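Here is a short report on one protein chain. Keep the sequence and the 3D view open as you read.

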Amino acid sequence: MKVSDSMTEQIYQVRPEYLNGAGRLFGGKLMQWIDEVAGLVGIRHTRGDVVTASVDNLKFICGAYEKDLIVLTGRVTYVGTTSFEVRVDAYKEDLQGMRYPINRAYLTMVAIDTDGTPRTVPPIEIETESERAEWEAAKKRREYRLHRNREGF
């Protein structure tokens, strides 16, 4: 399966109920949307159910405000045996269609069967240099995750 086969884009508009006391989009709401997009990418890639195992990186670059359009794009960056990594980028899109990054997150997902048992994940076909670079970076992030787990984090 190609990376592009499971890429997902989701668009939301920031509504008043999504704002914190400072008038910005709640970070937790954005995190929810990120998790949803990662799950959709996972379902498309594995053709089945997935669960979120961890969020390794969640970097807030700038805020979003009421009526802003938020575009989230997700794609598989690395595949292991039963788990895989999904990168989700969030952008604020203006009325001319220009996108400005507001967040990047890497999530580890696990494919599960109907009993909730981990199952094998289909491999991905790397087609571009960008995808190859992301795969190599994901291997480093995986090693870092494993190291942190051994250390008890």
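## Helix α2

Helix α2 covers residues 27-46, and its 20 residues should span 28 Å at 1.5 Å a residue; its end C-alpha atoms lie 28 Å apart, so the two agree. The expected span is 1.5 Å times one less than the number of residues. Helices (H or I, at least four residues) and strands (E, at least two) are DSSP runs, numbered from the N terminus.

Several α2 residues are buried, among them Leu 30, Trp 33, Ile 34 and Val 37. Buried means under 20% relative accessible area, exposed over 50%, and partly exposed in between (1.4 Å probe, protein chains only). The cover over these buried residues includes α1 (3-6), β1 (8-13), β2, β3 (69-79), β4 and β5 (99-111). Just after α2, Arg 47 has a positive phi of about 60°.

## Model and confidence

This is a predicted model: local features need pLDDT of at least 70, side-chain atom pairs count only at pLDDT 80 or more, and totals for chains, interfaces and linings use all residues. Residues are numbered from 1 along each chain as its sequence is written, and side-chain values use heavy atoms, with hydrogens and water left out.

The chain averages a pLDDT (the predictor's confidence in each residue, from 0 to 100) of 95, and 100% of the residues score at least 70. Confidence is lowest in β2, at a mean of 88, and highest in β3, at 98.

## The largest pocket

The largest pocket holds about 360 Å³ of space. A pocket is an open set of points on a 1 Å grid over the protein atoms alone, where a 1.4 Å probe fits, with protein on both sides within 12 Å along at least five of seven lines; lining residues have an atom within 4 Å of a point. Grid points are joined across faces, edges and corners, and the volume is the space filled by probe spheres set on the points.

The lining has 16 residues, and Ser 54, Asp 56, Thr 108, Arg 145 and Asn 149 lie nearest the pocket's centre. β2 (50-60), β4 (83-93) and α3 (129-151) each supply at least two lining residues. α3 gives the most, with 7 residues.

## Two loop glycines

Gly 63 sits in the loop between β2 and β3. Gly 63 counts as buried because its relative accessibility is 13%. Leaving out residues up to four places away in sequence, Gly 63 touches Arg 24, Lys 92 and Ile 102 (contact means heavy atoms within 4.5 Å).

Gly 97 lies in the loop between β4 and β5. Gly 97 counts as partly exposed because its relative accessibility is 39%.
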